Amino acid sequence: MLAELRGLNEECGVFGIWGHEEAAQFSYYGLHALQHRGQEGAGIVTTSGNGLKVIKGEGLVNDVFSGNTLDTLTGHAAIGQVRYTTECGRGIENVQPLVFRSTTGSLAIAMNGNLVNARDLKESLEQQGSIFQTNSDTEVLAHLIKRSRGSLNQRDRVKSALKTLKGAFAFVILTDDSLMVAQDPNGLRPLSLGKLGDSWVVASETCAFDIIGAKHVRSVEPGELITITKDGLHSDRFQEADDRAICSMEYIYFSRPDSNIDDINIHNARKRCGIQLAKEVGNLEADVVTGVPDSSISAAIGFSEATGIPYELGLIKNRYVGRTFIEPSQALREKGVKMKLSPVHHVVSGKRVVMVDDSIVRGTTSRRIVKMLKEAGATEVHVVIASPPLVNPCYYGVDISTDSELIATGRTVEEVRDLIEADSLTFLSVEGLLQSVGRSEEMKNCGQCVACFTGEYPTEIYSDTVLPHEKDLAR
């Protein structure tokens, strides 16, 4: 069914900094650069070594940290998060970083990702007396850390807790005397390490480094735990790296074009996808190529250059409206496309238009854009998608619902084309995607997770694993 106007969503973006007296201010700018990863909640926790200070709230970074709010967040270290949530998941208690205070020491945690064994862990912890205050997987790690037994130091307790987690996770953990950073053994979620003078910074995307003038050092390795203290940086492993499997949707859709993942620029990767897509489309007669703003523009440019069909701004985005998926209510989703996009009539009228988009989830948005272009006078609308068909749900933090809600599941390309009312429809092949991104061919699937396209998940999927969009209904 073409029931909902909702696109791809990811849980959040995280940021951390150690060793700078303006840690809160730099965290603000870092989170602002990561705003595209979550627009419904934001938070920052700081420390000067004698307690944790926190400000968080629902809304955009600018809304949460308005006026002189940041002046109260003093300290040389900070972590922060921007969050996406589902309709039932709103509430300040779910906004991160989460702060846990105890007589043995306080800590704050922010996460990007999703644990596939979260339900099992929560049930086990509850049987041992734990009481959960949120629906977030992040809280699971805090309970595990506090329940680590023996005379372990803080780093060893965190390592012990991380070993029990399964799924996709990128953690930033702040205590009075350390900043810890952890990446899951498959490296499913992006996480990078940088330097700002003598200070260390970490972020979900390198674009956050650019805005604060930090230098990108490297990606956090799968299975790695980095601990930063006054004595410097210590790298350790809580688990050996498994098959590398960075989420393909980071290259296709989520990350900003100016970010780099494992030294691969997102814009260039998307442009190569457009070039490869042109090869796979074959001989397509059209007058103009246009991309659906913003994540499809790079692929549209590549497609145009490869085919010789002129690229034009056939669709204009309203910059004062966020991504449609960020608005969780059904009523707002239904109005989302008309609020967000407008066709440029003089560009598309009387023309055969190639509409390049990054993906098709439920098909509602694609159908409405095709309809808009034809109402604006386009004689034909040929849809080309710079990713393979999405046919499987994601369990790793991307809000791709059950396969019954995905328009491509169980349907041929021609059937999908008919539903979105396009004149033709072409998807990029899985092989074309892997080749275009440009990661090492020596790794399995070039080190990318392609489960939403192929059904081959890089981790074990538990029978009671909760999908990201079901978290808020699970308790």
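Biologist: Which residue follows α14, and what is its phi like, positive or negative?
Modeller: Gly438 comes after α14. Its phi is positive, near 95°. Keep in mind that this is a predicted model.

Biologist: And α14 itself, how many of its residues are buried?
Modeller: 6 of the 8 residues in α14, which spans 430–437, are buried. The helix is therefore largely enclosed by the rest of the structure.

Biologist: Which ones are they?
Modeller: Val430, Gly432, Leu433, Leu434, Ser436 and Val437.

Biologist: Left-handed or right-handed?
Modeller: The crossing of α8 and α9 is right-handed.

Biologist: Which residues make the contact?
Modeller: From α8: His267, Arg270, Lys271, Gly274, Ile275, Leu277, Ala278 and Val281. From α9: Ser298, Ala299, Ile301, Gly302, Phe303, Glu305, Ala306 and Thr307.

Biologist: How does the contact of α8 with α9 split by class?
Modeller: 8 nonpolar, 5 polar and 3 charged residues.

Biologist: New topic: Ile461. Where is it found?
Modeller: In the segment after α15, and α15 is 451–454.

Biologist: Is Ile461 buried or exposed, or in between?
Modeller: Ile461 counts as partly exposed, because its relative accessibility is 27%. Buried would mean under 20%, and exposed over 50%.

Biologist: What does Ile461 touch, leaving out residues up to four places away in sequence?
Modeller: Val116, Tyr395 and Tyr396. Tyr395 sits 66 residues from Ile461 in sequence, with 7.9 Å between their C-alpha atoms.

Biologist: Now zoom out. How many helices and strands does the chain have?
Modeller: 15 helices and 23 strands. The chain has 475 residues, and 60% of them are buried.

Biologist: What share of the contacts between residues at least 6 apart joins residues at least 24 apart?
Modeller: 70% of them.

Biologist: Last one: what does the accessible surface come to?
Modeller: About 18,300 Å² for the chain. Carbon and sulfur atoms account for 47% of that.

Definitions and conventions. Residues numbered from 1 in each chain as written. Predicted model: local features only at pLDDT ≥ 70, side-chain atom pairs only at ≥ 80, totals over all residues. Heavy atoms only, no water. Left-handed = near helix turned anticlockwise from the far one by under 90°. Helix = DSSP H or I, 4+ residues; strand = E, 2+ residues; numbered from the N terminus. Contact = heavy atoms within 4.5 Å. Nonpolar A, V, L, I, M, F, W, Y, C, P; charged D, E, K, R; others polar. Buried < 20%, exposed > 50% of the residue type's maximum accessible area, 1.4 Å probe, protein only. Areas by Shrake-Rupley, 256 points an atom, 1.4 Å probe, with all protein chains shown as cover.
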